[in-house]
Amino acid sequence: MTERMLRPRSQTVPRSRARRLPPAWHARYRLTPWWGKVFAVWALSRLVTTSLILVLASVQGPNAWTGASPKYTDFATMWDGRWYNIVAFGGYPSVLPVTETGQIGENAWAFMPGYPVVARLLMELTNFPWAPVAVFVSVVFSLGTALLFYRLMARVQSPATALFSVVLFCVAPLSPILQFAYAESMYLFFLTLALYLLLERRYWLLFPVITVMALTRPSGLALALALGLHVIYRFVTRSRDQFSVAERMLAASVALFSSLMGLTWPIAAWAATGDLMAYTDTELAWRAPYIGYVELVPFTAWFQGGVWWLGSPWGIVVVTALILTFGMLLFTPAVRRLGVDLRVWVASYGLYLLAVFFPQSSTFRLLMPMFPLLGAAALPRSRIYRVSIVLIFVAGQWGWLLICWGVDGYDWTPP
């Protein structure tokens with residue numbers, strides 16, 4: 001019997017990899033724990049993204065938030081970062097602002113308290129000003145999200161694919177916002193934790209996670225739908241996957257709790273202002289520059305937006321095609337490998353966006369909670385594919401920064 005026949009299978013795999021890496025590097029890579037690999041990916045991606053941001057900041061002209069060529073922290077706290085600053089220091093108005101035409105104007109009720117409260121608490125502890133603290137909070141949560149995302153993907157993918165999913169998350173076209181004064185980093189952290197706990201079926205721990213998540217970004221109703229569908233699926237498949245009565249009651253309670261948390265902020269706005277529609281009318285103020293002040297009718301905004309952008313009938317045709325394409329995407333083999341729960345979340349959140357949001361440049365940011373789909377994009381193992389998609393994503397960062405973040409006179413493409 002030859003030496004090769006006697007060699008265990010586990011020893012043949014590293015030799016093939018060793019041909020691609022120097023032996024010392026390969027040994028070091030194998031000894032690095034999963035969290036070390038994720039940290040390295042995150043750190044390298046932040047260097048790339050920060051470099052792009054600094055280049056754009058160096059040519060940024062004077063604008064409503066900064067002077068010319070602002071420093072990083074000032075540049076990173078523009079746009080909605082100013083609204084979060086207002087919330088951190090002044091809270092929310094008890095009297096809603098009214099436009100000259102008698103409509104509710106833009107105000108702080110559109111921005112939930114989770115992120116600015118955390119930043120303000122850290123400011124009190126450190127005596128540091130808003131800008132560096134706000135950016136620091138986002139950066140820390142982005143690292144936490146990357147670590148959790150690996151654990152989430154490792155539940156449904158191989159370790160190597162899970163790690164490349166993290167690479168795609170860290171270099172995604174909208175990843176610069178993970179180090180801006182926006183709530184996205186904090187929200188994605190708690191969303192990822194919620195999805196991980198759901199896959200682990202640790203329902204009790206979802207209660208505090210949902211509480212914070214639903215008060216950071218509006219998503220409680222979307223998660224409630226996903227949890228409700230999770231309960232239905234587990235009940236239907238209980239013959240091959242035990243689903244005890246106690247577990248059913250607990251899972252259903254979490255779904256109900258998430259729906260209540262999804263309504264908490266609109267109720268809080270109503271209680272503070274005395275206006276039942278305070279939160280809804282505030283949100284509608286942001287789409288008024290496009291289509292004027294209109295009532296919120298579920299599942300109409302995307303078609304209104306399609307007509308505004310492309311005219312009729314092409315706007316309606318394109319939106320319909322997008323909906324059908326999205327539905328078919330969820331049944332492709334790569335996406336199906338993510339498992340039922342993650343697909344149900346993506347579908348539920350997509351339905352939520354279709355029901356209440358108006359499509360414009362901020363929609364790219366609102367698509368970020370669908371990030372589990374990156375696990376499907378990470379499946380191909382071709383080196384050419386993986387290098388190409390990383391380069392395309394980095395180029396997408398620069399495109400998004402130019403179009404949505406940088407300000408050139410009157411800007412109608414907010415991030």
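Colleague: In which helix is Leu-56 found?

Modeller: This is a predicted model, and in it Leu-56 is part of helix α4, which covers residues 34–58.

Colleague: Why is Leu-56 called buried?

Modeller: Its relative accessible area is 6%.

Colleague: What is Leu-56 in contact with, neighbours within four places in sequence aside?

Modeller: Phe-75, Trp-398, Leu-401, Leu-402 and Gly-406. Take Leu-402: 346 residues separate it from Leu-56 in sequence, while their C-alpha atoms are 7.7 Å apart in space.

Colleague: How do you know what span to expect for helix α22?

Modeller: Helix α22 (residues 383–405) has 23 residues. The rule is 1.5 Å times one less than the number of residues, so 33 Å is expected for α22. From first C-alpha to last, α22 reaches 32 Å, which is close to that value.

Colleague: Which residues of α22 are buried, and what covers them?

Modeller: The buried ones include Ile-389, Phe-393, Gln-397, Leu-401 and Trp-405. Among the elements covering them are α4, α5 (72–75), α9 (159–171) and α21 (374–377).

Colleague: Which residues have the most contacts inside the largest nonpolar core?

Modeller: Trp-405 is one of them, along with Tyr-115, Phe-180, Trp-345 and Tyr-349, in a core of 110 residues. Apart from it lies another core, of eight residues, including Trp-265 and Tyr-279.

Colleague: How many cavities of 30 Å³ or more are there?

Modeller: The count comes to one. About 70 Å³ of space lies in the largest cavity, and the elements giving two or more residues to its lining are α10 (184–200) and α20 (363–366).

Colleague: What makes the lining of the largest cavity seven nonpolar and three charged?

Modeller: Its lining includes Glu-184, Arg-217 and Arg-365. Glu and Arg count as charged, so these three residues fall in that class. Tyr-187, Pro-218, Tyr-349, Phe-357, Leu-366, Met-368 and Pro-369 also line the cavity, and Tyr, Pro, Phe, Leu and Met count as nonpolar. The lining has no polar residues.

How values were computed
Residues numbered from 1 in each chain as written. Predicted model: local features only at pLDDT ≥ 70, side-chain atom pairs only at ≥ 80, totals over all residues. Heavy atoms only, no water. Core = buried A, V, L, I, M, F, W, Y, C linked by side-chain atoms within 4.5 Å. Buried < 20%, exposed > 50% of the residue type's maximum accessible area, 1.4 Å probe, protein only. 1 Å grid on protein atoms, 1.4 Å probe; cavity = no way out; pocket = protein on both sides within 12 Å on 5 of 7 lines; lining within 4 Å. Points joined across faces, edges and corners; volume = space filled by probe spheres on them. Helix = DSSP H or I, 4+ residues; strand = E, 2+ residues; numbered from the N terminus. Contact = heavy atoms within 4.5 Å.
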